[in-house]
Amino acid sequence: MAGIDVHLVDGTYELFRHHFAVPSHVTAEGVEVAATRGVLGSMLRLLREGATHVGVATDKVIESFRNDLFDGYKTGEGTPPELFAQFPLLEATLEAAGFMVMAMVRHEADDAMGAAAVLAAADPRVARVLVCTPDKDLAQVVDDAAGIVQVDRRREITYDRAAVVEKFGVQPGSIPDWLALVGDTADGIPGLSGWGAKSSATILARYGHLEAIPDDPAEWDVAVRGATKLAGTLAADREDALLYRRLATLDLDAPVMDDVEDLRWTGPADHLEDVCSHLDAPRLAEMARRLADDLD
């Protein structure tokens, strides 16, 4: 029997993507629902394409434990209120449609996907784990031996270890170090002054992790001597770099499913029709029912 393919979806990214990609739809009750409808449709299409075990991770609140570590870390500031209001609506809708939702409170959706990916990959029943998000943070869990790949569904690109190295210039395990040096504006990580993507990749390709990079540029390997002007910045700001790496490192102890079978889609709940009626989306309820009928 063929092994299970597990799909772990970044629900927060999907909600944002659909909010800015599809026309507004306000119900008669005055509620904006377009993004929620878009995500539900996308998840049902994933099932139609053959997915059987699906988990959707969301940020129930935007802030996380990382905000306690660094004042500059991202918050929900600037998120359109009509989008922010759809987080609980999305979670309730997906649960009604029969999907397991991993709604994070102290953690982020990225942590949930990373933790679930590692847990699922350790299960001998699992053939592949597809982490469905373009977020570069998740590249750190890509692991050919474990069968974990990252998938950008919108661009239809799958990243294995070689593809991660081609894109970033470093191994998956060095992604948090790379983000610490380069920074990540989406998450509020400033990075170190002067450290660009290319120079950071060149140095980390040689040393792997921040701790292995010597403070003294005279000790740097000849292969990276051209970047020794950056040594002073790293020596002065190493503690900041270590903090930034902590921010960029997924917490693989985030609370997720107990077992891979918890992710198996077995059909929608009885109240999905009512939920979809409030979304002005009866066809999505019909699609879910047809997919459930195909399971029989």
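Reader: Is the crossing of α1 and α5 left-handed or right-handed?

Author: The crossing of α1 and α5 is right-handed. The term applies if the near helix is turned clockwise from the far one, and left-handed if anticlockwise, by less than a right angle. Please note that this is a predicted model, in which local features need pLDDT of at least 70 and side-chain atom pairs pLDDT 80 or more, while totals for chains, interfaces and linings use all residues. Residues are numbered from 1 along each chain as its sequence is written, and side-chain values use heavy atoms, without hydrogens or water.

Reader: How do the axes of α1 and α5 lie?

Author: The axes of α1 and helix α5, residues 86-96, come within 11 Å and cross at roughly 115 degrees. Axes are lines fitted to C-alpha atoms, for helices over the stretch in contact, with angles from 0 to 180 degrees between N-to-C directions. Helices are DSSP runs (H or I, at least four residues), numbered from the N terminus.

Reader: Which residues make this contact of α1 with α5?

Author: From α1 come G11, T12, L15, F16 and H19, and from α5 come Q86, F87 and L90; contact means heavy atoms within 4.5 Å.

Reader: What makes α1 oblique to α2?

Author: Helix α2, residues 34-48, packs against α1 at an angle of about 120 degrees, with the axes 8 Å apart. That angle makes α1 oblique to α2, because oblique is what remains after under 35 degrees (roughly parallel), over 145 (roughly antiparallel) and 65 to 115 (roughly perpendicular). The crossing of α1 and α2 is right-handed.

Reader: Which residues of α1 and α2 meet?

Author: In α1, E14, L15, R17, H18 and H19 meet A35, T36, G38, V39 and S42 of α2.

Reader: Why is α8 called oblique to α9?

Author: Helix α8, residues 175-182, and helix α9, residues 197-207, pack at an angle of about 140 degrees, and their axes are 9 Å apart. This angle therefore makes α8 oblique to α9.

Reader: In which hand does α8 pass α9?

Author: The crossing of α8 with α9 is right-handed. D177, W178, L181 and V182 of α8 make the contact with A197, S200, A201 and L204 of α9.

Notes. Helix = DSSP H or I, 4+ residues; strand = E, 2+ residues; numbered from the N terminus.
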